[in-house]
Amino acid sequence: MSLDHLLEWIPKGGPEEALARQVEFDRLPRHVAIIMDGNGRWAGERHLPRVEGHRAGVDAVRDVIETSARLGLEVLTLYAFSVENWKRPAAEVNTLMGLLKRYLGLELETLLRNNIRFNVIGRADALAPDIRTELLDAERKTSKNTGMIFNIALNYGGRTEIVDAARRAIEAGIKPQDLDEDRFSNLLYTARQPDPDLLIRTSGEMRVSNFLLWQIAYAEIWVTDTLWPDFRCRHLLEGVVAYQKRDRRFGGITPAVPAGVR
Ligand code: IPE
Ligand code: IPE
Ligand code: MG
């Protein structure tokens, strides 16, 4: 929301403060989307089972959500579980779902305190009933909040989302000549939200893994080698500072539209 609001929350005199002071608050990305990757490798480096990486990743989630809200982002989207992640062993999937449930139980207060609106994107109806109940409950309890939207991508696939939007268009009887990009965008799970300006991926992988395929058309991509469980406020601020140095052209020519200008 402001530098002061952020400074209240970060350690004084450390790298976080130096980075926070570099951020230009009038040119923030409106929407930051993050592919949280590298939990398994984090655990592997410590000779621990993969699920320990997922457990440790919850601390990163907590830190990034509060940093984003204090920074003043309009939307934060975290990729938590893809439609392809069902290919993983059942025990790993169950641990991920269990962690999600526990997170919601423990962190609802934090979401409310920070005026955050919680929103699930993805085919949530395919999730277990107890998880859906928790998700709906968190959505309902935060629905009146007016601050940052926190989208959690669960059982999410970019192609699935586009197919779902096409189905909705057909069901709504929209005539082909009435369908344009704006109208189509409003049929996506992220309807009425700004597209991500900044897409972050942790753990060094240079791919988008079926994430927000439509919405990232002109996102700036920032990849860090940091593994997700080690990702904190400092890394998010590094990403934002790097983003603000980019020259966004949107297919035009220089003089560029500087990053962050809406
Ligand atoms: C990201 O970490 C978490 C999810 C995809 C749910 P991974 O579990 O993909 O970790 P790596 O990529 O194998 O290290
Ligand atoms: C992307 O990570 C999905 C999530 C972060 C939820 P993956 O680890 O599943 O992606 P790939 O398999 O490396 O492309
Ligand atoms: Mg991975």
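Predicted model: local features only at pLDDT ≥ 70, side-chain atom pairs only at ≥ 80, totals over all residues.
**View 1. Ligand 1 and the residues around it.** Start with the stretch Met36, Asp37, Gly38, Asn39, Gly40 and Arg41, which belongs to the set of residues around ligand 1. Arg50, His54, Ala80, Asn85, Arg88 and Leu96 complete that set. Sorted by type, the shell has five polar, four charged and three nonpolar residues.

**View 2. Polar contacts of ligand 1.** Zoom in on the oxygen atoms of ligand 1 and you can pick out contacts with Asn39, Gly40 and Arg41. Asn39 uses a backbone N or O atom, 3.1 Å from a ligand oxygen. For Gly40 it's again a polar backbone atom, this time at 2.9 Å. Arg41 reaches in with its side chain instead, placing a polar atom 2.7 Å from an oxygen of ligand 1. How much of the accessible area of ligand 1 does the protein cover? On its own the ligand has 380 Å² of it, and the protein covers 87%.

**View 3. Where ligand 1 sits.** Look for ligand 1 in the largest pocket. Two elements, helix 3 (39–45) and helix 4 (50–71), each give two or more residues to the shell around this ligand. Of these, helix 3 is the top contributor, with three residues.

**View 4. Ligand 2 and the residues around it.** Ligand 2 also has its place in the largest pocket.

**View 5. Polar contacts of ligand 2.** Here the side chains of Asp37, Asn85 and Arg88 are the ones to watch. A polar atom in the Asn85 side chain comes to 3.0 Å from an oxygen atom of ligand 2. For Asp37, the distance from a side-chain N or O atom to a ligand oxygen is 3.2 Å, and for Arg88 the figure is also 3.2 Å. The protein covers 78% of the 390 Å² of accessible area that ligand 2 has on its own.

**View 6. The largest pocket.** Now take the ligands away in your mind and look at the space itself. This pocket holds about 760 Å³. It is lined by 34 residues, and those closest to its centre are Met36, Asn39, Tyr79, Ala80 and Leu96. Helix 3, helix 4, strand 2, helix 5 (90–113) and strand 4 (149–156) each supply at least two lining residues. Helix 4 gives the most, with six. In the lining you'd count 18 nonpolar residues, eight polar and eight charged.

View 7. Rolling a probe the size of a water molecule over the atoms shows where empty space is left.

Key
Residues numbered from 1 in each chain as written. Chains lettered and ligands numbered in written order. Heavy atoms only, no water. Near = heavy atom within 4 Å. Polar contact = N/O pair within 3.5 Å; in protein donor to acceptor, adjacent residues only side chain to side chain. Areas by Shrake-Rupley, 256 points an atom, 1.4 Å probe, with all protein chains shown as cover. 1 Å grid on protein atoms, 1.4 Å probe; cavity = no way out; pocket = protein on both sides within 12 Å on 5 of 7 lines; lining within 4 Å. Sits in = over half its atoms within 2 Å of the grid points. Helix = DSSP H or I, 4+ residues; strand = E, 2+ residues; numbered from the N terminus. Nonpolar A, V, L, I, M, F, W, Y, C, P; charged D, E, K, R; others polar. Points joined across faces, edges and corners; volume = space filled by probe spheres on them.
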